[in-house]
Amino acid sequence: MVMPELSKKRKQSSLEKSQLGDEKKKVVSLKDVVGESDDLISSLPEDGVVDSDVSDDSSEDEDEPVDEDEFNEDSESEGDEDLNSEIDSDELEWESENEEEESSQESDGDPEKEDAVEIKSKNGIEKSKIGLRKEGVPGTSTQPPGEDEYAEGDTSDEEDIRNTVGNIPINWYDEFDHIGYDWDGRKILKPEHGDQLDEFLKKIEDPDFWRKVRNVQTGQDVVLSDKDINQIKRLESHKIPDEAFDDYAPWIEWFSSEVLEMPLRKFPEHKKSFLPSKDEMKKVSKYVHALKMGWMKTRKAMKAKEKKEKQKGPQFYLLWKTDDVADEMRRIENHIPAPKRPLPNHSESYNPPEEYLFNEQEMRKWNRERKSLGNKKLHFVPQKFNSLRQVPAYKRFIRERFMRCLDLYMCPRAIKMKLTIEPEELVPQLPSPADLQPFPTTASIYYKGHTDMVRSISVDPTGQFMASAADDGTVKFWEISTGRCLRTATFSGTARCVAWNPSSQMSLVAVAVDRKVYLVNPRIGCQDHIDQTDELLDKRPYQDKVTPPRVEAAVQWEYLSEGELHEQGVLIVLNHFKEVKQVQWHWKGDYVFSLMPDGENRSILIHQLSRGRSQTPFNRARGLVQAACFHPTKPYFLVATQRNVRIYDLVKQEMVKKLITSSKWISDITVHPGGDNLLIGTYDRKVLWFDLELSTKPYKTLSLHSQAVRSVAYHKRYPLFASVSDDMSLIISHGMVYNDLLQNALIVPLKRFSCHDKVNDFSLLNVTFHPQQPWVFTSGADGNIVLYT
Amino acid sequence: MTSDNQSDQLQIRFVTKQEKYSVPDNPFAVPSSVTTKELNDLVNQLFHEGNAAAKKVEFDFIAAGELLRAHLGDHLNKRGISLESVVEIEYLERHPPPEALDCLIHDDWVSSVDVSDFAIVTGCYDTSVHLWTTQGVHKLSVPAHTSPIKAVAWLKTDGPVASFVSASQDQTCMIWEWDVDENTVRCTDVCKGHIRSVDSVAVAPDGNRFASGSWDKMLKIWSLIDDDGESEHKKARKSGISQTKTPQVTLKGHKECISGMCWIDNVELATCSWDHTVRIWDTEMNSSVREIGGNKSFFNIQFSKANNLLATCSADRHIRLYDPRSTEGQIVKVTLTSHKNWVSSVSWSSDRENLLVSGSYDNAVKLWDIRSPQVPLYDLNGHEDKVMCTNWSHSPLIVSGGADNTLRIFKSSF
């Protein structure tokens with residue numbers, strides 16, 4: 001019973017609300033119902049039986065709505081209430097409460113009702129339940145149109161959904177006592193309808209029978225409301241079923257010429273309307289440029305400017321501006337402004353204070369000096385005037401201005417360029433001495449024993465012993481590592497030079513004492529070599545050539561086999577005709593030269609040990625020979641006279657090169673073991689480094705010493721060289737020679753030592769490196785030899 | 001450390017390995033400027049609290065592995081140790097200063113010395129070998145060689161006949177037998193083979209071999225046992241005349257003279273040379289096992305079994321300690337620097353692993369603790385000229401010979 005009512009309500013609402021297009025469908029569906037009802041109505045007289053049960057039921061329900069709820073709570077199912085039994089008890093509880101409220105408040109008013117409606121709209125089941133509940137009160141089921149429960153907007157056109165059989169011909173269920181299945185799959189039983197008689201009785205008794213229609217889906221009777229009937233009637237008369245619909249409502253012109261805020265047109269504005277115009281842009285940029293350059297001014301700026309000018313009043317400028325700021329001289333580069341004249345002082349004032357005016361004495365003095373050209377204190381006489389008007393023209397104005405112009409013209413001004421180079425910057429960047437290790441750093445051992453100045457020292461080729469020759473006529477042989485004097489050989493005279501034979505197979509030392517050169521076997525070191533040397537130099541080898549008289553007169557060989565000297569180890573004595581200053585071995589150890597500065601053209605003699613003979617390599621004296629040395633790699637011989645060094649090829653017997661030292665007096669010369677570099681010490685305080693490949697002029701001149709340089713030496717293995725000087729100092733320098741011909745030697749002074757005392761203006765006399773270790777020996781006038789390690 | 005830090009406090013805790021001196025393990029707060037002296041007072045005070053009868057003991061303190069010689073704060077700062085945490089300071093009884101016992105006068109420079117449990121042998125530049133008792137009584141003077149003696153070493157000291165070897169600049173080594181009771185000495189063997197001055201000898205620990213190094217750059221190993229297994233001494237004694245001995249092995253490798261040598265064990269031998277290298281030789285393989293490069297000439301080398309270090313001394317005034325086994329990392333373990341001139345000799349203490357003595361050409365003998373590389377423990381003064389040799393092979397006696405013709409004996413009373 002309820003279901004048709006519900007659907008009817010929905011239909012009502014939908015009819016009321018829905019638009020025209022939708023309504024037709026509704027109408028159709030409604031027509032079905034109406035059609036049926038028509039049938040029913042038409043069939044009423046046929047049936048003629050009225051079912052009293054229904055009205056009984058309805059009256060019962062009407063009387064005891066609460067009871068029924070209780071019934072439901074007990075979840076007992078009887079007859080119509082079967083439907084309720086399918087619903088959860090919880091929901092029922094809730095529903096019952098709601099129902100209570102609903103039933104009690106239905107008449108009260110809207111607010112509560114709205115709640116109920118809200119809940120109902122949540123799902124269909126609830127809706128149906130409410131519908132079910134209402135079946136008991138069919139009389140009240142017709143709600144006023146204003147209280148449409150679907151006022152909130154239920155637009156669904158669904159049919160009754162309690163029966164799930166769907167849209168099928170309902171007569172398929174005619175044979176069964178149910179008309180379909182509910183949501184839980186239980187049968188929905190057909191309601192009792194009674195027979196034709198009941199129908200007829202109903203027809204007779206029920207005044208509303210004519211408006212009752214049966215819902216085929218549920219098989220229940222629905223009472224059509226007045227409105228429904230009205231609607232049906234309107235439909236039958238082909239009118240719009242909604243009574244409220246105004247057929248002649250005023251026309252609203254949606255698409256008008258008026259511009260709307262939200263236009264109804266679908267298409268957007270044309271792209272063109274968004275792009276700036278090129279022409280305009282050009283114009284604008286022109287204006288902007290003009291504004292930037294100041295050619296054009298905005299009105300605003302013009303106004304502001306005018307305003308500003310008005311406010312400022314008259315303009316002033318600094319008259320003497322050029323006094324402070326250099327004039328901008330356009331065409332003169334680096335213009336130098338003329339020097340300013342001094343400002344006038346008090347005495348030049350037209351009204352000077354009294355003390356500036358000349359008194360008589362000053363006046364006389366000024367008159368006296370008037371004619372003289374010398375520096376006058378004032379070149380005018382200060383005068384006093386009462387007012388500036390009375391000041392006469394300055395007589396000397398033209399002249400002085402002319403003189404000033406003459407000064408400026410005759411003495412052109414120039415900017416003095418000042419050198420900003422620091423002296424340190426001129427010194428080449430040298431590596432730090434710490435990076436050039438190893439080199440001697442301390443004086444380690446003092447070899448003490450000589451009583452007079454030690455002129456020469458020489459280290460044996462193995463580096464174990466050292467020989468020293470002193471003015472006291474002794475030659476001492478030292479053990480280097482301990483400073484022990486192992487042997488002393490005494491000679492009569494001044495031992496000027498000592499040279500250890502560089503051959504490792506020989507045990508021989510050449511000592512120059514006055515006019516003699518002694519070849520001494522020191523008898524220390526390897527016994528085999530000592531014996532071998534003794535044997536070798538036992539007697540003079542056979543002379544196949546007659547010694548030229550020139551040589552014979554210069555030197556005589558004397559082989560010793562006994563005597564005091566022989567005891568000391570002397571094997572050969574070479575008697576020279578002049579005092580021998582220097583002896584030095586060729587690196588092979590067979591040749592030794594002796595140098596006699598006074599020997600003129602025979603100042604150098606070369607002695608050959610193996611043949612026991614001598615030769616004079618030079619026929620002509622080229623000057624006072626100061627020093628000489630063999631070349632370490634080539635058959636060259638270097639002779640240093642006072643100013644120059646000549647290099648001779650001994651094989652070709654010709655001069656190879658002449659080095660110009662530009663110094664006054666050479667003291668010592670030594671050749672780098674590589675053979676291409678030369679070190680020369682001079683008495684004029686300089687050490688000269690020659691690169692033989694480079695030029696005949698010094699590659700470097702080292703002015704490290706403050707007094708005459710006595711001796712220079714290269715190390716055989718390490719890139720070191722040393723020089724000693726009369727200023728009591730030994731200077732050790734790093735002298736790296738590169739194999740690369742393009743790279744010049746690197747020379748770095750490393751260390752200065754002063755370990756010797758000054759005796760009779762002499763201090764250090766000789767310097768020698770240890771052959772293997774980076775150690776250096778110096779001998780001094782104080783009789784000491786010092787080893788630096 | 002600046003003066004404002006002087007007042008800083010730092011936390012220290014004392015530890016010791018000498019149980020008899022142990023003190024409570026509490027941390028103390030001391031000013032960072034504290035020195036050994038204050039710490040010493042502190043420890044003594046603590047020590048007295050526990051043991052009232054105790055005598056005052058001088059202690060040395062080790063912080064960060066090195067003996068404390070400056071302000072504690074400076075000491076720790078230099079080694080980059082945080083002063084925030086508690087610093088553990090080990091203390092140990094200070095090595096008492098050695099006393100000068102004796103001065104044995106020679107006729108010439110004393111170039112070498114070796115000490116046995118009862119006697120001292122010295123080599124002298126006057127070509128003679130001198131025998132002394134450890135009490136300083138001169139027993140014998142042996143005119144042994146024809147050139148200055150450069151090295152001596154005891155071969156055998158047990159029994160009535162002691163033997164020693166002497167090496168000289170006359171290119172020979174001589175093996176001598178000394179009949180202690182009769183006080184007679186006899187040369188049993190003359191070892192010929194070197195062709196230049198022999199500068200160093202070292203006897204193997206088992207006494208069967210000795211090695212000699214020379215200026216001829218050769219290392220020669222000599223056997224003391226005959227092929228028959230009979231000691232050559234006995235054989236020589238039988239024959240009654242000195243025999244000429246030839247080397248068992250000659251090893252070539254050094255580029256300059258061999259200046260010092262020592263045996264690491266019965267097989268391995270370490271030599272040092274003027275060519276700036278230390279070589280370790282395997283005498284069974286007869287080859288050089290390892291080469292340690294330095295940058296100065298070495299003069300002497302000594303090996304310490306206790307801490308497995310080679311001590312070398314060289315021309316640049318430093319004593320350097322090398323680990324012969326390690327090949328990677330820092331080769332020089334410790335550098336002891338205080339001498340002012342060449343260090344001619346070093347000698348490890350025979351019973352104290354951290355102590356060594358060194359003699360230098362600056363006339364000083366110094367006693368070192370290797371945990372204190374900057375400051376020696378004691379300077380043993382007395383020599384008036386270059387110190388040529390030192391020896392500490394028998395514990396209480398530190399002997400040193402020098403160019404002042406004396407052999408000085410110090411007693412380290414430990």
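In the predicted model, strand β23 of chain A (residues 666-671) is largely enclosed by the rest of the structure, because six of its six residues are buried. The criterion applied here is that 20 or more other C-beta atoms lie within 10 Å of the C-beta atom of a buried residue. Strand β23(A) runs antiparallel to strand β24 of chain A (residues 677-682), and five bridges join the two. Within this pairing, I669(A) has I680(A) of β24(A) as its bridge partner. The two strands, β23(A) and β24(A), form a hairpin with five residues between them. In the turn, G675(A) has a positive phi of about 100°.

The largest nonpolar core contains 202 residues. The members that touch the most other members are V511(A) and A628(A) in chain A, together with A153(B), V165(B) and F210(B) in chain B. Strand β11 of chain B (residues 149-156) supplies the largest share of this core, namely six residues. Another core, of 20 residues, lies apart from it and includes L10(B), Y21(B), I62(B) and L67(B).

The surroundings of A153(B) were examined with residues up to four places away in sequence left out. On this basis, A153(B) touches D114(B), F164(B) and V165(B), as well as V201(B), A202(B), V203(B) and F210(B). Two of these, V165(B) and F210(B), are also listed with A153(B) among the core members that touch the most others.

Between the chains, 18 residues of chain B are in contact with 15 residues of chain A. The side of chain B that touches chain A has 10 nonpolar residues, five polar residues and three charged residues.

Note on methods
Residues are numbered from 1 along each chain as its sequence is written. Chains are lettered from A and ligands numbered from 1 in the order in which they are written. This is a predicted model: local features need pLDDT of at least 70, side-chain atom pairs count only at pLDDT 80 or more; totals for chains, interfaces and linings use all residues. Two residues are in contact if their C-beta atoms, placed from the backbone, lie within 7 Å. Ala, Val, Leu, Ile, Met, Phe, Trp, Tyr, Cys and Pro count as nonpolar, Asp, Glu, Lys and Arg as charged, and the others, Gly among them, as polar. A nonpolar core is a set of buried Ala, Val, Leu, Ile, Met, Phe, Trp, Tyr and Cys residues joined through C-beta atoms within 7 Å. A residue is buried if 20 or more other C-beta atoms lie within 10 Å of its own, exposed if 12 or fewer, and partly exposed in between; C-beta atoms are placed from the backbone. Helices (H or I, at least four residues) and strands (E, at least two) are DSSP runs, numbered from the N terminus. Two strands pair if DSSP finds at least two bridges between them.
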